[in-house]
Amino acid sequence: MTVSAGQDSALIDRFLEMLAAEAGAARNTLAAYGTDLRGASSMLGGNLGVADGAALGRLAAEWAPLARATAARKSAALRRFFAFLQDEGLRADDPSAALPRPAAIRPLPKILDHGDVDRLFAEIERGLARADANAQDHRLAALIELLYGSGLRATELVSLPRRAIAPDRPFLILRGKGGRERLVPISDRARQAVAAWAVFVPSESPWLFPSGKTHLSRVRLYQIVRELGARAGIPPERISPHVLRHAFATHLLEGGADLRALQAMLGHADIATTQIYTHVDSRRLVELVNSRHPLADRPQRVDANRRSA
């Protein structure tokens, strides 16, 4: 079987089914690929599957005004699509060499310093210490302890099952991006905060952080974090759930955590992704080499001729 004009919809569906079944692609990834492929198909009159280099060149021209990262994402989706068609024997060639390869510039993540984090937790503790402390105060404590204490992604946090965290188990097993499982350590503080919040969770709720008929949304979590930041004097553009994940990673590295261990905790498939969190200043790196390198304690031998020179 070979591709013919007008088959884009079926080909795209087949490609997405492969990504889900064989590559374990996450729902958001599948949605993004589907949007990019259908958009490209629409631009080419429903003939993406049979597109040649010239047609893809026209797509590249259409993408020229887009942000570099957006164009890179669209190109990556199409390259994978055409590789799939070739692997399946649906096309003899792969025209994706005509697609642009804009170098994506990954910005350094925003982080919070230790003083910022201290102010956040001081605000939380003030709320819990009030005589009229309520369920929302305990929910806030549990959310922030898990974000900063375990580096959970926002989606992972809000969708935690009600019994995901046990008082006597210092870890939980998460299925993250691409269906990959990972072990996430949970601190004593976080488990205590979750236990204090859990008494307010309705017994029939399947979620640890319920809201209406489902769980707390990522948008609401974002708002909650920013509201806390405002009370702690942190400008809204400097704080978000993901910034707290960055802070978790950065502060662990500053404390001497192993980069590979951090990669496993964060659930990164590629250690290059983890390296973006290494905001360790040059002074600390020099101190690390001077204190931990195998030659650090060995006296330096100076050549007598050089000494006398």
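Trainee: Which residues does Leu 146 touch, not counting residues up to four places away in sequence?

Mentor: Keep in mind that this is a predicted model. Leu 146 is one of the residues that touch the most other members of the largest nonpolar core, which has 43 residues. Once residues up to four places away in sequence are set aside, Leu 146 touches Gly 151, Leu 152, Leu 157, Leu 160, Ile 165, Ile 186, Ala 190, Val 194 and Phe 209.

Trainee: Which element supplies the largest share of this core?

Mentor: Several elements each supply at least two residues of the core, among them α5 (114–129), β1 (171–175) and α10 (241–254). The largest share, however, amounts to nine residues, and these come from α6.

Trainee: Where around the axis of α8 do its buried residues lie?

Mentor: In helix α8, which spans residues 188–198, the buried residues are Ala 190, Arg 191, Ala 193, Val 194 and Trp 197. They cover an arc of only 160 degrees around the axis, and therefore they lie on the same side of α8.

Trainee: How are α6 and α9 oriented to each other?

Mentor: The axes of α6 and α9 come within 11 Å and cross at roughly 95 degrees. Angles of 65 to 115 degrees count as roughly perpendicular. The orientation of α6 and α9 to each other is therefore roughly perpendicular.

Methods. Residues are numbered from 1 along each chain as its sequence is written. This is a predicted model: local features need pLDDT of at least 70, side-chain atom pairs count only at pLDDT 80 or more; totals for chains, interfaces and linings use all residues. Side-chain values use heavy atoms; hydrogens and water are left out. Buried means under 20% relative accessible area, exposed over 50%, partly exposed in between (1.4 Å probe, protein chains only). Helices (H or I, at least four residues) and strands (E, at least two) are DSSP runs, numbered from the N terminus. The arc is that of the directions from the helix axis to the C-beta atoms. A nonpolar core is a set of buried Ala, Val, Leu, Ile, Met, Phe, Trp, Tyr and Cys residues joined through side-chain atoms within 4.5 Å. Contact means heavy atoms within 4.5 Å. Axes are lines fitted to C-alpha atoms, for helices over the stretch in contact, and angles run from 0 to 180 degrees between N-to-C directions. Angles under 35 degrees count as roughly parallel, over 145 as roughly antiparallel, 65 to 115 as roughly perpendicular and the rest as oblique.
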